[in-house]
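Colleague: I am new to this one. Please walk me through it.

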Amino acid sequence: MRLPIKVMLSLLLIAGHALAGAEVTPEYRVKAGFLFNFIAFAKWPVTTAGQLQLCVHGNNPFGSAIETLSQKNVHGARLVVRETTTLEEINDCEVIFISGASAREMQALSHAVAGRPVLTVSDQKDALNQGIGINMVTRQNRIAFEIGLRAVEANGLSLSSKLISLATEVRQ
């Protein structure tokens with residue numbers, strides 16, 4: 001059976017987009033590095049039981065780049081990376097990267113972890129206004145970040161003064 005040229009081109013185009021989506025963009029390789037540094041420069045009020053859970057909530061834009069963080073040691077604990085899609089799955093997370101969430105979903109997530117030692121991070125527009133602790137932004141083709149210090153401290157965490165000084169914006 002022979003397919004018409006237009007159908008074949010359409011199928012190739014769709015396959016190309018699917019393959020391109022599977023690749024990790026340089027942006028998310030850099031953001032994975034930022035995420036590790038946020039964890040390294042944050043301090044939790046209690047020591048963990050040998051591991052620190054990093055949860056990617058929603059779509060995983062990091063692809064395999066996030067797996068490079070898995071098993072690294074930080075604060076004397078082994079970093080464990082896993083994906084979550086529901087609020088029930090975030091109970092054991094010490095760090096949550098929120099991806100592809102609406103403002104309402106970000107608010108629900110920040111309320112779900114309120115008062116618990118959880119660092120919330122995102123790269124979505126207006127994330128600080130939704131109660132997220134750290135938001136990565138792109139400015140002049142560079143990755144930068146903003147800190148919602150009140151949200152971080154309300155969860156019993158503290159951030160290194162070095163990290164705070166590097167933020168493009170710090171909201172009290």
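Colleague: Which strands does helix α2 lie across?

Modeller: Contact means heavy atoms within 4.5 Å. Helices (H or I, at least four residues) and strands (E, at least two) are DSSP runs, numbered from the N terminus. Helix α2, residues 26–40, lies across β2, β3, β4, β5, β6, β7 and β8. It runs at about 35° to β8. Axes are lines fitted to C-alpha atoms, for helices over the stretch in contact, and angles run from 0 to 180 degrees between N-to-C directions. Helix α3 (residues 103–112) also packs on the sheet, touching β2, β5 and β6. Its direction makes about 170° with that of β5.

This is a predicted model: local features need pLDDT of at least 70, side-chain atom pairs count only at pLDDT 80 or more, and totals for chains, interfaces and linings use all residues. Residues are numbered from 1 along each chain as its sequence is written, and side-chain values use heavy atoms, leaving out hydrogens and water.

Colleague: In what order do the strands of the sheet come?

Modeller: Strands of a sheet pair through backbone hydrogen bonds, either parallel or antiparallel. Two strands count as paired if DSSP finds at least two bridges between them. Here eight strands form an open, mixed sheet: β3-β4-β2-β5-β6-β7-β8-β10. β3 and β10 stand at the edges with a single partner strand each, so one side of each lacks a neighbour in the sheet. β8 and β10 pair in the parallel sense over three bridges.

Colleague: Which cysteines form a disulfide?

Modeller: A disulfide is a covalent bond between the sulfur atoms of two cysteines. The cut-off is sulfur atoms within 2.5 Å. Cys-55 and Cys-93 form one, at 2.0 Å. Cys-55 sits in β2, and Cys-93 in the loop between β4 and β5, 38 residues apart.
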